[in-house]
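Subject: Handover of a structure

Dear colleague,

Please find the structure below, followed by an account of what was found in it. I would be grateful if you read the text with the structure open beside it.

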Amino acid sequence: MIQTIGNPHAISPSAPMQPYWAEISDIVREAPNVSTYWLKFLDPGLQEGFHFKAGQFNMISVPGLGEVAISISSDMEDTRRIGHTIRSVGNVTSAINRMEVGDILGVRGPFGSWWSLDHWIGRDIVIAAGGIGLPPMRPLLYYISHHRKDFGKVIVLYGARTPNDLQFTREYKTWQDEDIELQVTVDRGDDTWQGRVGVVPILFYNTRIDPRNTVILTCGPEIMIRFVIFEALARRVPPERIYVSLERNMKCGLGSCGHCQVGPFFVCKDGPVFSFDKLQPYVNVEEL
Amino acid sequence: MADIYASVGSTVAIPKAALDKLVAKLNQMGYSVLGPQIQDGVIVYKSLKGAHDLPKGYISQQDSARYRLVYTGHPRYFDVTPGAQSWKQFFFPPQTELAEFTRDEKGRWQTAEQVTDLTPLALFGVFPCDLAAIQIQDRIFLREEWKDPIYWSRRQSAFILAVNCLHPCGTGFCASMGTGPKTNQGFDLNLTELDDVFLVELGSEAGRLVMEGMPILPTSAFWLQAGQKSLEDASTRMGRSLPRPQDLPELLLNNLDARQWDDVARRCMSCSSCTQVCPTCFCWDTRDSADLAGQNARRERLWDSCFNPDYSYIVGGNSRPNARSRYRQWLTHKFGSWYAQFGTSGCVGCGRCITWCPAKIDVTMELKAIREEVQA
């Protein structure tokens, strides 16, 4: 499971903490406090050579404030620009939230493991995401849309706190046109909400899953992940076909600073995407 | 006296008085020599001018939460086992600059060129446990995919003069961990201190160069035997022991819910002392700062600890909110998951975490208690 760094295009082997500069070329507001920042490396060669795989992340930095791990939310087959969908919560992400098109960010990456799409040809795919857990899934949705025939049934189960917090709403139609089934729920509805109210795992009760052929992918709050796994196992999906993307405090992306450890794993290097059989001994241990 | 040729791999003898010559030779070769010295009642590592700076005649007494230097007047330079400091600080400094940023005329950030003009270091008097610790940190900071530039710039040019440990400390268990009391590899020169001479093992070409021109004595079988005997004695005089460390990954990772974690949590203050004195603990944090105009910024790297509250903080909460989870992380990492990550235990048995724990928590006793709880 210990993997080496994926495609070290913006990671210098001799100075791995050195950021590469990228310009914000566009900002798309997705929800309150959530925007997608489209970045282009100032060095065109670097931009062209930068390849990542769905599920990987970059370390994004604002000089003077710090660096944060942000998953890449754009299309891995589009090398013109890189998208990061960021919720502003801490020092660094709030500073990014105040930025405008033309501002400069530091980028290192891509880091970590990925959704191993090439192993799932012909499979049914169930994507269960909560809140800011959807952006790491978006590269998958782009890929599946472009290569729809490679996969069986594709279902997205997505939940947010309120209808306002739902991200990528303008893309739902595109996904549905590509025969991607989308089920959405919110924790709290509002006056106009006619959809489902409740947590993401309840969407499984509305979904038919063939355990012999389904791959389940999940990302979101850890409590949601736990119950998604519970529902998946209850439907006899084997642990090695359940994939989880974890979030931990990260300072380096290199398996060096130590912060992101879970059991024997460095989430930044061995994860963030794990098949559940690897995580099984640790998932139910409190405060690990 | 005929010239005796000392080749790499051989063991020769030098008189005690040659120690000064060794320091001088290293200085002359351009090294900044660092060695153990007494300061404020403990051993610290700092610039060494000559043999007279070394803690000759002292011994150290170590036990849980106890460290005392005692002068006995013996003729040996290297009888004193280390204090809280280890050599870690020289390759992996507690606080260093990672990057400096400035805005150009368009207001865009640029990374300032870093000037690293480092004097090569000579570590003079590295005990086996600490040399083993350096080799463990090598695995952490020097990877196939990347090399940590701060560590590598200091490490690659360093000269290591090791010393076999003939007077093991009261809290150490290097014999259990297979890291001492004798050093087998990774040194340029390795000393064994006898009452009247030093035996010197040459471990590298750099070591051979330093030995050129030293007053080398013919190595007598008597001295070699005396050295051997002292090392054998030393390995039976460890203050602590840790049976079967290779079983620990399974024991610890299979017993993350052991009652002992609750017990130790009542004693552990999460003060991070153990991680700061540990010669292998490598966790670090970054800290950014900027000038008021926002034109210049810098990013620093600082030692961190899995006992610090911020260590496991992510938006929405702290994944290790209490002493129980933090102590468990430390112990299971050090003695367990380290094997999966780096192919070795994270512990060298130096005993610092036992000596310097203000709550008298002793890792060997904690591990024993967990083992007994599981077997019960």
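**Sheet and helix in chain A**

Helix H6 (residues 276-283) of chain A lies across strands E12 and E15 of chain A and runs at about 90° to E15(A). Helices (H or I, at least four residues) and strands (E, at least two) are DSSP runs, numbered from the N terminus. Axes are lines fitted to C-alpha atoms, for helices over the stretch in contact, and angles run from 0 to 180 degrees between N-to-C directions. Two residues are in contact if their C-beta atoms, placed from the backbone, lie within 7 Å.

This is a predicted model, in which local features need pLDDT of at least 70 and side-chain atom pairs count only at pLDDT 80 or more, while totals for chains, interfaces and linings use all residues. Residues are numbered from 1 along each chain as its sequence is written, and chains are lettered from A and ligands numbered from 1 in the order in which they are written.

An open sheet of seven strands in chain A has the order E10-E9-E8-E7-E11-E12-E15, with mixed pairing; two strands pair if DSSP finds at least two bridges between them. Strand E10 (196-197) and strand E15 (273-275) of chain A are the edge strands, each pairing on one side only. Within the sheet, strand E11 (residues 214-219) and strand E12 (residues 242-245) of chain A run parallel and are joined by four bridges. A:Thr218 has A:Val244 in E12(A) as its bridge partner.

**Chain B as a whole**

Chain B contains 13 helices and 15 strands. Its C-alpha atoms fill a box of roughly 75 × 70 × 40 Å along the principal axes. Of the 376 residues of chain B, 45% count as buried. A residue is buried if 20 or more other C-beta atoms lie within 10 Å of its own, exposed if 12 or fewer, and partly exposed in between, with C-beta atoms placed from the backbone.

**The sheet of chain B**

Chain B also has an open sheet of seven strands, in the order E1-E11-E10-E9-E8-E2-E3, and its pairing is mixed. Strand E1 (11-15) and strand E3 (42-47) of chain B stand at the edges with a single partner strand each, so one side of each has no neighbour in the sheet. From one strand to the next, the twist averages 25°. Strand E2 (residues 32-39) of chain B runs antiparallel to E3(B), and six bridges join them. B:Gly35 has B:Lys46 in E3(B) as its bridge partner. Helix H7 (residues 221-235) of chain B packs on the sheet, where it touches E1, strand E10 (189-193) and strand E11 (197-202), and its direction makes about 85° with that of E11(B).

Which strand holds B:Phe159? B:Phe159 is in strand E9 (residues 159-163) of chain B. B:Phe159 is buried because 23 other C-beta atoms lie within 10 Å. Leaving aside neighbours within four places in sequence, B:Phe159 is in contact with residues including B:Leu26, B:Pro120 and B:Ala206.

**Core and interface**

In soluble globular proteins, nonpolar side chains tend to be buried together. A nonpolar core is a set of buried Ala, Val, Leu, Ile, Met, Phe, Trp, Tyr and Cys residues joined through C-beta atoms within 7 Å. The largest such core has 180 residues, and those touching the most other members include A:Ile127, A:Tyr243, B:Ala122 and B:Leu161. Helix H3 (residues 128-141) of chain B gives the most to this core, with seven residues.

Between the chains, 33 residues of chain A are in contact with 40 residues of chain B. The side of chain A that touches chain B has 16 nonpolar, 12 polar and five charged residues. Here Ala, Val, Leu, Ile, Met, Phe, Trp, Tyr, Cys and Pro count as nonpolar, Asp, Glu, Lys and Arg as charged, and the others, Gly among them, as polar.

**Backbone details**

Most residues other than glycine have a negative phi, and most peptide bonds are trans. The peptide bond from A:Gly109 to A:Pro110 is cis, with omega near 0°. A:Asn33, which is not a glycine, has a positive phi of about 70°.

Yours sincerely
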